[in-house]
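Let's take a friendly walk through this model, looking at its charged pairs and its nonpolar core.

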Amino acid sequence: MTSLNRPVRLNRWLLAVFGVLLMVAGVFAFATHMRWLRVLDPGAPLVPGTALPPTWVLYVVAGGAVVLGLLCLRWLLAQLARRPKTQTWRYETDPDRGRTEMAADAAMLPFTEELRASEGVHAARATLAGSRAEPALALVVTVEQDGDPRRIRERLAEETLPRLRQALDLDELPVTIEFRFSTARGARTH
């Protein structure tokens, strides 16, 4: 079980890098303004001369801005596409005798109901994606304010997930879990 999926780790890493860069730039600007650093002359112009830069510089800046804008748009769209694609699973042992089909979403209803009944869990959402040969389970668990994510995770690993693997007739089921914390106060409703 992994507690964070790849986009979440990437988001946190990028936000940390941008945060550090902005903090360093702010400290540099403040220290220069207060004249603690004498790297720049406060009376000097920012750029030498008043002439426009060559035309190719404007095109490079515009192209860079478009690329940066498209990257930001791609990042925003990636935040919306959270739910993996589900499929219909087929259980076939003897094609001549028929086959059994099961919607992956239907298999998750009892699992999420059991998870929601766990102590400290406010809400739960599960998505079973992939095929039977390469399954993947994505969980989003909203923890109550006084809930303990460690206990919830232990119960998942020891009780709930082994039952799900047995019900689905799977030896392995890779799982990603995203814990969120509820802001609601008071008793939960089912």
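## Salt bridges

Across the whole structure, a search turns up seven salt bridges (a side-chain nitrogen of Lys or Arg within 4 Å of a carboxyl oxygen of Asp or Glu). This is a predicted model, where local features need pLDDT of at least 70, side-chain atom pairs count only at pLDDT 80 or more, and totals for chains, interfaces and linings use all residues. Residues are numbered from 1 along each chain as its sequence is written, and side-chain values use heavy atoms, leaving out hydrogens and water.

One of the bridges joins Glu-114 and Arg-163 (2.0 Å, N to O). Glu-114 lies in helix H3 and Arg-163 in helix H4, so the pair ties together parts 49 residues apart in sequence. Helices here are DSSP runs (H or I, at least four residues), as are strands (E, at least two), numbered from the N terminus.

## Helix H4

Within H4, Glu-159 and Arg-155 also form a salt bridge (3.1 Å, N to O); they sit four residues apart, about one turn of the helix. The buried residues of H4 are Ile-152, Leu-156, Thr-160, Leu-161, Leu-164 and Leu-168 (buried is under 20% relative accessible area, exposed over 50%, partly exposed in between, with a 1.4 Å probe and protein chains only).

## Nonpolar core

The largest nonpolar core has 21 residues, and those with the most contacts inside it include Phe-111, Leu-156 and Leu-164. Such a core is a set of buried Ala, Val, Leu, Ile, Met, Phe, Trp, Tyr and Cys residues joined through side-chain atoms within 4.5 Å. H4 gives the most to this core, with five residues.
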